Every structure is written in structure tokens, then in C-alpha cells.
Amino acid sequence: MEQIAVVKNILENGMAQIAVERETACGAAHSCAECAGCEKMMTNTHTVVVAYNDAHAGKGDIVKVRSENAAFFKTAAIVYILPLILALVFYGLAVSLSLGGEGIQVLSAFVGFVVGILVAVGWDRHMKKQNGLRFHIVEIKKACSGM
């Protein structure tokens, strides 16, 4: 995935702190900065992240940033899909093993969902420690660092 960002600060380790503009909240194919409706609805339109400064950008530069898709999609699957799958699996096991009545089966589905949420939280912590979602500055769109 590629996005446009502004370099906020250059870090000593070859990394850069960048502000990435969030995509449109309404899903329309336009820039929220140009839409009065979206602009009023969104209070914080930038997310600040750390990126590898492969293009040697300077503070204030407008840059193209690329994120690694594999880690993003893997994390999205774990966070959004795994809890639902585990809820269905736990429910199916409770039904197939004839555990109690319907209440026990629904409780089993809830337990499966909670287990999925716990796995997702653990995965999120692991990814933060490993700097799992990596951004790379691949191109300087407009050099503003000398101004």
C-alpha cells in the first residue's frame, strides 16, 4: 500500500517520524482535505508513525511511503476473522458433543470469541515489540527540508 506523508523528524537510527494522512472516512474517491463534509467530521486526519528512511528524506519533505502488505493482511485476519472463526468452532464443538442445552452452546461460542480476542491482543503486542508493520520512504515527492 502506498501513501503520501510528511516527514516530521529525522531519527538517529536512519528512521524518520512521518505523519500519514488517513484515508477518507466516507469511502468516496476524493481527498478529505478538499471536502467540507469530511473535514468537519474528522478531528485528527494524520497518524504519526516511524518509517525506514530509504530515500534519505529531510524534515518537512513530502514523501511517498510504502507499507508491507503481508504483515498488514496477516494482522487484519487475526484481529477481525480469528475471533469469529473460534466462536463458530467452539459452538460447533458444543453442539457435536451435545454439551447441555442451547445456553451452554451459546456460552461456548462466547468463550471461543473471547479466546480469539485474547489471541488478537497478544498478536498486537507481539507486532508492536517486533515493529511488525513497517513503513518505507520510497520517494521524495517534494523536497521542503531546505526551506
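**View 1. Strand β2 is mostly covered.** In this predicted model, five of the seven residues of β2 (residues 15–21) are buried, meaning under 20% relative accessible area with a 1.4 Å probe and protein chains only. Strands here are DSSP runs of E with at least two residues, and helices are runs of H or I with at least four residues, both numbered from the N terminus. Residues are numbered from 1 along each chain as its sequence is written. Local features need pLDDT of at least 70, and totals for chains use all residues.

**View 2. Strands β1 and β2 form a hairpin.** β1 (residues 2–10) runs antiparallel to β2, and five bridges join them; two strands count as paired if DSSP finds at least two bridges between them. V7 stands opposite I18 in β2. Four residues lie between the two strands of the hairpin, where G14 takes a positive phi near 80°.

**View 3. β2 also pairs with β3.** Seven bridges link β2 to β3 (residues 46–52), again in the antiparallel sense. Here A16 stands opposite A51 in β3. In a regular strand, side chains alternate between the two faces of the sheet.

**View 4. The whole chain has three helices and five strands.** Their order from the N terminus is β-β-α-β-β-α-α-β. Of the 147 residues, 27% are buried. Among contacts (heavy atoms within 4.5 Å) with a separation of 6 or more, 73% come from residues 24 or more positions apart. The accessible surface, from the Shrake-Rupley method with a 1.4 Å probe, is about 9700 Å², and 62% of it belongs to carbon and sulfur atoms.

Definitions and conventions. Heavy atoms only, no water. Buried < 20%, exposed > 50% of the residue type's maximum accessible area, 1.4 Å probe, protein only.
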